[in-house]
Amino acid sequence: MKLPARNEIQDNIYGILLEVAGASGLLLLGLLICFWAAGVGAK
Amino acid sequence: MKYSANLLNMAHYLGKIILLFSALMLIPLITSVFFLEWNTVFDFLNSMGILGIVGTILLLYSPQSIGQLSWKLGMVIVALSWLTAMMLGALPYYFSGFWLSYLDCTFDVMSGLTTTGLSLVQDMEHIPYGINMWRFILTWLGGQGMIVLALVFLMRGLPGAFRIYVGEGKDERLLPNVTHTAKAIWYISVVYMLIGTLSLGITGLLIGQGPVRAFMHGMWISMSAWSTGGFAPQVQSINYYHSLAYETVTMIFFIIGSLNFNLHWAIWTGNRKEIYKNLEAVTFFTTSTILVTVALWELSKQGVYSSTLALFRRGYYTMLSAHTTTGFMTTYAQQFITEWGPLAMVAIFLAMLFGGSASSTAGGFKAVRIGLAFKAVLHDVKQLLAPERAIVVDRFHMGKDIKVEDRFTRPALTIIFLYFILWSITSLVTSANGFSLPEAMFEAASVTGNVGLSAGVTSAALPPVVKIMYILAMYLGRLEFLSFFVLAGYILSKLRRR
C-alpha cells in the first residue's frame, strides 16, 4: 500500500482535529442545554 | 448453466469470507496465548479448524469466480455472508461455555457484527481476554463492514466487487475504485482506533487502572465507541468506570464514529467546509439537539436528575448514545421504564430509530433519510404554493449540490417506512411474550436501530422466539432490508422452479 505524502498526512491531521473539535463543540452545547434544563427543574 | 454458475460464485465468495474469518481468529488466539488462557487457545484452534475445513471445501468446489457478478447475486452473497458469519463466528463462544445455548452465541455474534451491543453472555466479568477480544473484533469489523474487509484483503480486482459492496448498505464510493474506497475506510478506522486506544488507555491509567487493564479496556472501548457498537467488558457498561473523563472521551469517539465515511474522507482530504454544509451532518446536529432538549427538560422537570452534571453524565450521555446508536449505558436498565417519563421515552425511541449517518458505523434509518424526507415535504409544499406552471427546484448538499428528486426521496421514505414496520412487529412479538408495551417498544427500537440500550428485557431467559426475532431485526436493520429481500426472493424463485 502506498504511504500518504507529507501534505496528505497534514490534511489528515487537520481533519481529525476538526472532527474532534466538532464533537467537543456538540458536547459543550449539550452541557449548556443541561445547565438550562437544571434551571427549569429547579423552578 | 446460469444456475450452476451462480452457485459456484456463491461458494467461491463465501469460501473466501469463511477463510478470512478463520484467519481473524488468530488475533484472539494470540491474545489468549499472551494471557496464558490455554482452554481458550484450544477453543479458537478448534473453531479455526472447522472454519478452515468448510472454507477450503467451498473453494475446492469453486476455485475461481465466473464472469461478472450480477446485482442480484452480489446482494445474495452479502446476505448469506452475514448469516454464515453469524453461525460460524459463534463457535468460539459456544466452546468457551460462557453462553447457555448456541442460539445465545449466534445472538451475540449478530449483535456484534451489526454493532448493536446487546449481550446474552453469562458472568461477563470473568470471560477470558481472548473471548473478549473476539467480541470486540466482531463489533469493530461490523462497523466497517465485513465486505469492506474482504475487499481489502481477498477480493482485489475481482469482477463485480462494487456490487457486493453496495449490498452491505454502503452505497457511496469515497474514491472511484471500490478497493481504494475500502482501503480508505480501513485507514480512517485504524487511525481512530489507535487514537482511541491511546486516549482511553491514558484515561484508564489516570483513574487508577493497572497498565495492562487500562490498555486492554482502552482498546476494546475505543473499538466499540468508534463502531457505535456498545459492547463493554463489564456488565455495568461505562458506568463501571465512574469517570467523567472516560465518559467524555467515549462520547467524542462515538459522535465521530456516527459520521459518514464520505464526510470523514472529505474533511481529511482538505474539504473542511463540508462539515457544516453536509445535509446529513446538519440533520444529525438538528435532530440530536431537539431530542436532547426535550428529554433533558422532561428528566429535569420530573426530578430524575437534578444537577447540571447529573443531567450531562446520565441524561445527555444516554441520549447521544441512543442517537449515535452506540448503546453505552451510564444509567440502570430499569430506570428507563420506572423513572424517565413519557416525553423522555418518546425522545429516546426517536433518537434510537433516527440513528447516525448512512455509510457510517451507525444504525437506525440514518440522518440523510430524515433530511431527505424533510426536503421532500418542503419541496411538495413549495410546489403547491407556487403558481401552477412554475417548477420549483430544491437542492441538498452531500459532497456536491444535488437536486431534490423522487429517485432520492422515494427510497429514503421506503426505508423509513420499513423500519417503522419492523419496529412495530418486533414490539408486538416482545409484548406477546409477557413484557409491558413500553419495555417492548424500547427494546424493539434498540434492536431495530442497532443501538444496544436495554430496558432490561434482553437476557438469556428470553423465549427463543424473541431471541430469533431480535436476531432478524438486527440483521435487517443493518443490511437495510434490500439484501435480505433479494435473498428471500432468490430462494423463493428457486423453490418455485422445482
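A salt bridge is here a side-chain nitrogen of Lys or Arg within 4 Å of a carboxyl oxygen of Asp or Glu. The model shown is predicted, so that local features need pLDDT of at least 70 and side-chain atom pairs count only at pLDDT 80 or more, while totals for chains, interfaces and linings use all residues. Residues are numbered from 1 along each chain as its sequence is written, chains are lettered from A and ligands numbered from 1 in the order in which they are written, and side-chain values use heavy atoms, with hydrogens and water left out.

**View 1. The salt bridge between Asp11(A) and Arg272(B).** The side chains of Asp11(A) and Arg272(B) meet in a salt bridge, at 3.7 Å from N to O. Arg272(B) lies in the loop between helix H13 (261-268) and helix H14 (274-277) of chain B, whereas Asp11(A) belongs to helix H1 (residues 6-42) of chain A; helices are DSSP runs (H or I, at least four residues), numbered from the N terminus.

**View 2. The interface of chain B and chain A.** In this interface 34 residues of chain B are in contact (heavy atoms within 4.5 Å) with 26 residues of chain A. The buried area, which is the accessible area (1.4 Å probe) that two parts lose on being put together, summed over both, is about 2600 Å², and carbon and sulfur atoms give 76% of it. Trp268(B), Arg272(B) and Thr308(B) supply 20% of the area that chain B buries against chain A, more than any other three residues.

**View 3. Packing of H1(A) with H16(B).** The axes, lines fitted to C-alpha atoms over the stretch in contact, with angles from 0 to 180 degrees between N-to-C directions, are 9 Å apart at an angle of about 125°. H1(A) and H16(B) are therefore oblique to each other, since angles under 35 degrees count as roughly parallel, over 145 as roughly antiparallel, 65 to 115 as roughly perpendicular and the rest as oblique. Among the residues in this contact are Leu27(A), Leu31(A) and Phe35(A) of H1(A), with Leu311(B), Phe312(B) and Tyr316(B) of H16(B).

**View 4. Packing of H12(B) with H16(B).** Helix H12 (residues 244-257) and helix H16 (residues 308-323), both of chain B, pack at an angle of about 25° with their axes 11 Å apart, which makes H12(B) roughly parallel to H16(B). Residues of H12(B) including Met251(B) and Phe254(B) meet residues of H16(B) including Phe312(B) and Tyr316(B).

Methods: Helices (H or I, at least four residues) and strands (E, at least two) are DSSP runs, numbered from the N terminus.
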